[in-house]
Structure formats: structure tokens, C-alpha cells
Amino acid sequence: MPKKNSLISYFGVASLVVTFALMCIAQLWYTMFLLFGFALLVVLMQGKNTYCAHYCPLGTLQDVMGEKSQRVRAFRGVRWLKFLLIPVFWAAVIYTTYRFRSHGAQLWVWMLRIMVSMFFLAMVLQELLGKRFFCVHLCPLRHPVLEPARRARNCAVKGCGGSGNDSSR
Ligand code: SF4
């Protein structure tokens, strides 16, 4: 259980448990899309990315398993890694959804593989390159979806000259 004053969020732990229940027990192949929809809703309602700080199950897992990890190291190849990983992730998600749309069991297996792959990638990168390296540099939800949505929302609500840089970790 999270300790008092820990960076690990109770909401994140709850989100982790719910995600596990939906994906692994109820076997809902669209669990990842439910998470993405919730993340987008939070960002659009609040105008800041509290999803990453408090609710994301993968972010919480990185916090749980990397409390003693070093700070993120500089890595010169990260720019190209991001441009490679994000399109590959979304291509895999879209292709899998389309390819197995009529085969629920296979669709669930492939979605689980994609989610587990992201989990292992995040953990390995955190070990090698620093705490939440995956979140800071590579996340295929945060960088192409949540950050542009947050900026657009704040631009629409507060005006484009206002503060649009209140991001999260
Ligand atoms: S950056 Fe991605 S993996 Fe990290 S907390 Fe945010 S949504 Fe989750």
C-alpha cells in the first residue's frame, strides 16, 4: 500500500486495480480505449494533465516500481525514438482493432500484448534511463493526444496568449 507522503497516488492504485479487473478478469478488449477516453475527459474538463499525475495505471506502476530510480538522463536519440514508437503504437492499435474486429478473443489477446509490451518498455527504460522516462519522452497518449488537447482547451477557454504550459509530470 502507498505510504503517507508517498508520490504514489491512491487514485492511481485504484485505477491500476480497475484496469486489471476490466482487462484480465472481465476481458474487455477495449479497456485501453476506456482509459484513453477518461484521460481525455479529465484533461478537457480541468485544462491540466492530472491524469498522468494521479490516475494513469502505467504511470502509477512506474512510480511503484521505481521509487529509487534516478532522474531522467539526457538521451540524444530520444527525438527519433519518439517519432518511431508513437506511429508504430497507433498503427498496431488501429490495425489490430480492424483486423480482429469480428474475433473478440483474438482482439483481446492482441490488445493485451500491446498493453503488456508498453508496460515492459516503460519499466526497462525507467531502469536504464531514469524515472518515468517513457512518460517524459515517449508516451503515445500524452504527446500526440493529451498535450495538444490541453493546449487547445486552454486556448479556447483562456485565450491563446494565456498560460497553456501547465503540464504534469
Ligand atoms: S505519460 Fe502516458 S504512461 Fe505516463 S502517466 Fe501519462 S498517460 Fe500514463
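User: Is the crossing of helix 1 and helix 4 left-handed or right-handed?

Analyst: A crossing is left-handed if the near helix is turned anticlockwise from the far one by less than a right angle, and right-handed if clockwise. Helices here are DSSP runs (H or I, at least four residues), numbered from the N terminus. The crossing of helix 1 and helix 4 is left-handed. This is a predicted model: local features need pLDDT of at least 70, side-chain atom pairs count only at pLDDT 80 or more, and totals for chains, interfaces and linings use all residues. Residues are numbered from 1 along each chain as its sequence is written.

User: Which residues make the contact?

Analyst: Two residues are in contact if their C-beta atoms, placed from the backbone, lie within 7 Å. Helix 1 brings G12, V13, S15, L16 and T19, and helix 4 brings P57, G59, T60 and L61.

User: What surrounds the ligand?

Analyst: A residue counts as near a molecule if its C-beta atom, placed from the backbone, lies within 6 Å of it. The ligand has C52, C56, L58, G59, C135, C139, L141 and R142 around it.

User: Which residues touch the most other members of the largest nonpolar core?

Analyst: Such a core is a set of buried Ala, Val, Leu, Ile, Met, Phe, Trp, Tyr and Cys residues joined through C-beta atoms within 7 Å. Buried means 20 or more other C-beta atoms within 10 Å of a residue's own, placed from the backbone. A39, Y51 and F134 touch the most, out of 19 residues. Helix 2 (31-46), helix 3 (50-55), helix 6 (104-129) and helix 7 (133-138) each supply at least two residues. Leaving out residues up to four places away in sequence, A39 touches Y51, L141 and L146.

Notes:
Buried ≥ 20, exposed ≤ 12 C-beta atoms within 10 Å, placed from the backbone.
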